[in-house]
Amino acid sequence: ARICPATSLGELTALLDQGLKHRATSSTDMNAESSRSHLLMSLVIRSTNRRTGVETLGKLTLVDLAGSERVDKSGATGSQLKE
């Protein structure tokens, strides 16, 4: 796991783009862009109210599990099955 701080929308977008480059996908009969690798991403967002100075902290966790479709219906074969 890596912790990658981002202090702007541009930095966050660059991190997301970097992650997408490492994502493995493949077409199956059930899904045109099926995940072939697991992805877990947690976004921790810290925000400060400029008027009150109150800080709010939130966490969003995104999970993409590889190949969650049924193998017999997906038509996946060979290396597509190695998840």
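Strand β3 (residues 39-48) and strand β4 (residues 55-64) run antiparallel and are joined by 10 bridges. Strands count as paired if DSSP finds at least two bridges between them. The model is predicted, so local features need pLDDT of at least 70 and side-chain atom pairs pLDDT 80 or more, while totals for chains, interfaces and linings use all residues. Residues are numbered from 1 along each chain as its sequence is written, and side-chain values use heavy atoms, with hydrogens and water left out.

β3 and β4 form a hairpin with six residues between them. Gly 53, in the turn, has a positive phi of about 80°. Leu 39 stands opposite Asp 64 in β4. Ile 45 has Gly 58 as its bridge partner in β4. Gly 58 is partly exposed, with a relative accessible area of 32%. Here buried means under 20% relative accessible area, exposed over 50%, and partly exposed in between (1.4 Å probe, protein chains only). Beyond its neighbours within four places in sequence, Gly 58 contacts Leu 43, Val 44 and Ile 45. A contact requires heavy atoms within 4.5 Å. Gly 58 and Leu 43 lie 15 residues apart in sequence, and their C-alpha atoms are 8.1 Å apart in space.

The protein as a whole has two helices and four strands. Their order along the sequence is α-β-β-β-β-α. Helices (H or I, at least four residues) and strands (E, at least two) are DSSP runs, numbered from the N terminus. Of the 83 residues, 12% are buried. Among contacts with a separation of 6 or more, 40% link residues 24 or more positions apart. The accessible surface is about 7000 Å², with 54% belonging to carbon and sulfur atoms. Areas come from the Shrake-Rupley method with a 1.4 Å probe; for residues, only the protein chains shown count as cover.

The largest pocket holds about 1200 Å³ of space. Its lining comprises 28 residues, of which Cys 4, Leu 15, Met 41, Ser 42 and Leu 43 lie nearest the centre. Two or more lining residues come from each of α1 (9-21) and β3. β3 gives the largest share, eight residues. By class, the lining has 16 nonpolar, eight polar and four charged residues. A pocket is an open set of points on a 1 Å grid over the protein atoms alone, where a 1.4 Å probe fits, with protein on both sides within 12 Å along at least five of seven lines; lining residues have an atom within 4 Å of a point. The volume is the space filled by probe spheres set on the points.

How values were computed:
Nonpolar A, V, L, I, M, F, W, Y, C, P; charged D, E, K, R; others polar.
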